[in-house]
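Here's a quick briefing to read with the structure open beside you.

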Amino acid sequence: MKAVHKKMKKTFREKVVNKFSGIMKKNRLLKYPCLFVMTVILTIYYICMHFATNVKRYVCIAFSLVFFMSSCSFSFAVLSGQQGFINAQETYNAIVEDSDVELAVEKEVTPDESLLPDTDGALHEFADSEETDGTDFYTLDDILEDTQSYEYGNENVDNSEEEISEEVMPEEQEPVFDSSDWRLVLVNKQHPIPDDYSFSLGIIKDYMRCDKRIIADTIAMLQAAKEDGITLQIQSPYRTDDRQEYNFNKKIKMYMSQGYSYMDAYKTTSQVVTVPGASEHQIGLALDITSDTYTQLERGFGDTEAGKWLVEHSCEYGFILRYPEGKEYITGIIYEPWHFRYVGKDAATVIMQENICLEEFWDKYL
């Protein structure tokens with residue numbers, strides 16, 4: 001019985017060997033070609049048998065690779081449409097994580113983008129990278145020239161955070177944070193802007209706008225810096241959805257023109273320009289800040305007196321350095337010493353003192 005079983009196992013191999021042995025006996029000149037062909041056939045046969053007997057193992061490996069690539073914090077590339085670029089909302093409907101976290105925010109009037117100038121006219125290009133050509137910069141003096149914008153920014157400013165801190169919580173008690181606080185809304189690649197998110201725009205200067213609730217603290221921060229001999233400049237505050245998508249797609253095209261594949265261009269772009277639908281500029285809570293002596297959006301700004309002043313004092317006015325160095329693996333964005341996000345004074349103080357990013361703050365306190 002064992003001999004029969006052994007013969008059955010070797011049937012295919014024996015057939016191949018016998019076939020080519022017969023050919024070689026009839027014609028010795030074909031000996032080496034026959035040996036080569038026989039070796040190739042048997043090699044292919046054994047490889048196929050190996051995969052057939054280990055198919056489950058390879059399926060598991062393939063699934064693990066797909067899962068890793070789709071959940072990578074640095075890129076969530078999705079090809080869409082004939083243009084080959086992304087539709088941010090469709091992208092994130094498919095990949096949003098932590099869907100059980102509800103981010104309730106104050107419901108005000110949805111920004112009326114028709115009030116903004118035509119993007120083909122006065123609205124210049126803003127970018128999350130080193131490109132600043134064509135971007136306007138506004139200092140404190142520039143902003144205060146327009147008294148109306150300053151008054152509008154202070155109108156109906158919500159100071160409930162400070163009032164609660166003074167009336168309810170003793171000084172020795174740590175502040176309690178609420179995930180429904182509009183200041184703390186988490187916006188990143190994994191948490192795109194909620195569909196029901198709404199806010200009111202306030203005027204900073206000319207066409208520059210942001211969430212009007214942060215303008216008073218922004219003015220106060222610029223004033224404090226000026227008193228310390230530092231002239232800060234604001235650029236790239238609120239952006240429309242169309243403007244963010246334009247910036248993102250333009251950067252992809254730039255990398256592709258340098259020889260990148262679409263996927264590589266997307267991945268690289270997503271590390272320097274926030275994916276449309278997941279940018280804090282689109283909700284008016286982020287500002288790009290430089291100085292009169294260093295206007296470029298480059299990592300070197302962090303080494304300037306202005307950059308150091310912002311890291312030390314911005315939390316006093318409710319702002320944090322949103323993408324700090326060493327946290328790229330969490331934020332998914334490169335170190336940006338110019339990008340500051342408003343989170344309120346209590347949260348900003350905790351974040352900057354503990355040297356954590358907003359994502360870590362959420363994990364720890366909310």
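Which residue with a positive phi follows α10? That's Gly259, with phi near 105°. Keep in mind that this is a predicted model. The points below start with that helix, then move on to a surface patch, some aromatic rings and a handful of salt bridges.

**Helix α10**
- Helix α10 covers residues 241–257, so to speak a run of 17 residues, and spans 24 Å from its first C-alpha to its last, close to the 24 Å expected at 1.5 Å a residue.
- Its buried residues are Arg243, Gln244, Asn247, Phe248, Asn249, Lys251, Ile252 and Tyr255.
- Part of the cover over those buried residues of α10 comes from α11 (262–270).

- Phe12, Phe36, Val37, Val40, Ile41 and Ile44 make a nonpolar surface patch of about 500 Å².
- Helix α3 (residues 31–53) gives the most to this patch, with 5 residues.
- Phe12 sits in helix α2 (residues 11–26), and with a relative accessible area of 35% Phe12 is partly exposed.

**Aromatic rings**
- The count of aromatic pairs comes to 13.
- One of them is Phe177 with Phe361: the ring centres are 4.9 Å apart and the planes are at 75°, so this pair is edge-to-face.
- Phe177 lies in the loop between α8 (160–167) and β1 (201–205) while Phe361 is in helix α15 (residues 358–365), so the pair ties together parts that are 184 residues apart in sequence.
- Both Phe177 and Phe361 are buried.
- Phe177 also forms an edge-to-face pair with Tyr365, at 5.7 Å centre to centre and 80° between the planes.
- Tyr365 is in helix α15 as well, so its pair with Phe177, from the loop between α8 and β1, links parts that are 188 residues apart in sequence.
- Why does Phe177 count as buried? Because its relative accessibility is 15%, and buried means under 20%.
- Tyr365, at 25% relative accessibility, counts as partly exposed.
- Put together, Phe177, Phe361 and Tyr365 form one aromatic cluster.

**Salt bridges**
- A search of the whole structure turns up 11 salt bridges.
- Lys226 and Asp141 meet through their side chains in one of these, at 2.7 Å from N to O.
- Lys226 belongs to helix α9 (residues 215–227) and Asp141 to helix α6 (residues 140–144), so this pair ties together parts that are 85 residues apart in sequence.
- Lys226 counts as partly exposed at 39% relative accessibility, and Asp141 counts as partly exposed at 43%.
- Glu325 forms a salt bridge with Arg299, with the closest N and O atoms 2.7 Å apart.
- This pair links distant parts of the chain, 26 residues apart: Glu325 is in the loop between β5 (319–323) and α13 (328–331), and Arg299 is in the loop between β4 (286–291) and α12 (305–313).
- Glu325 is exposed, with a relative accessible area of 51%, whereas Arg299 counts as partly exposed at 48% relative accessibility.

**A salt-bridge network**
- Arg322 forms a salt bridge with Glu359, and their closest N and O atoms are 2.8 Å apart.
- Arg322 lies in strand β5 and Glu359 in helix α15, so the pair ties together parts that are 37 residues apart in sequence.
- Arg322 and Glu359 are both buried.

Definitions and conventions
Residues are numbered from 1 along each chain as its sequence is written. This is a predicted model: local features need pLDDT of at least 70, side-chain atom pairs count only at pLDDT 80 or more; totals for chains, interfaces and linings use all residues. Side-chain values use heavy atoms; hydrogens and water are left out. Helices (H or I, at least four residues) and strands (E, at least two) are DSSP runs, numbered from the N terminus. The expected span of a helix is 1.5 Å times one less than its number of residues. Buried means under 20% relative accessible area, exposed over 50%, partly exposed in between (1.4 Å probe, protein chains only). Contact means heavy atoms within 4.5 Å. Patches are made of residues with over 30% relative accessible area and no salt bridge: like charges are joined within 9 Å, nonpolar side chains (Val, Leu, Ile, Met, Phe, Trp, Tyr) within 5 Å. Accessible areas come from the Shrake-Rupley method with a 1.4 Å probe; for residues, only the protein chains shown count as cover. A salt bridge is a side-chain nitrogen of Lys or Arg within 4 Å of a carboxyl oxygen of Asp or Glu. Rings of Phe, Tyr and Trp (its six-membered ring) pair if their centres lie within 6.5 Å; planes under 30 degrees apart count as stacked, over 60 as edge-to-face and the rest as tilted.
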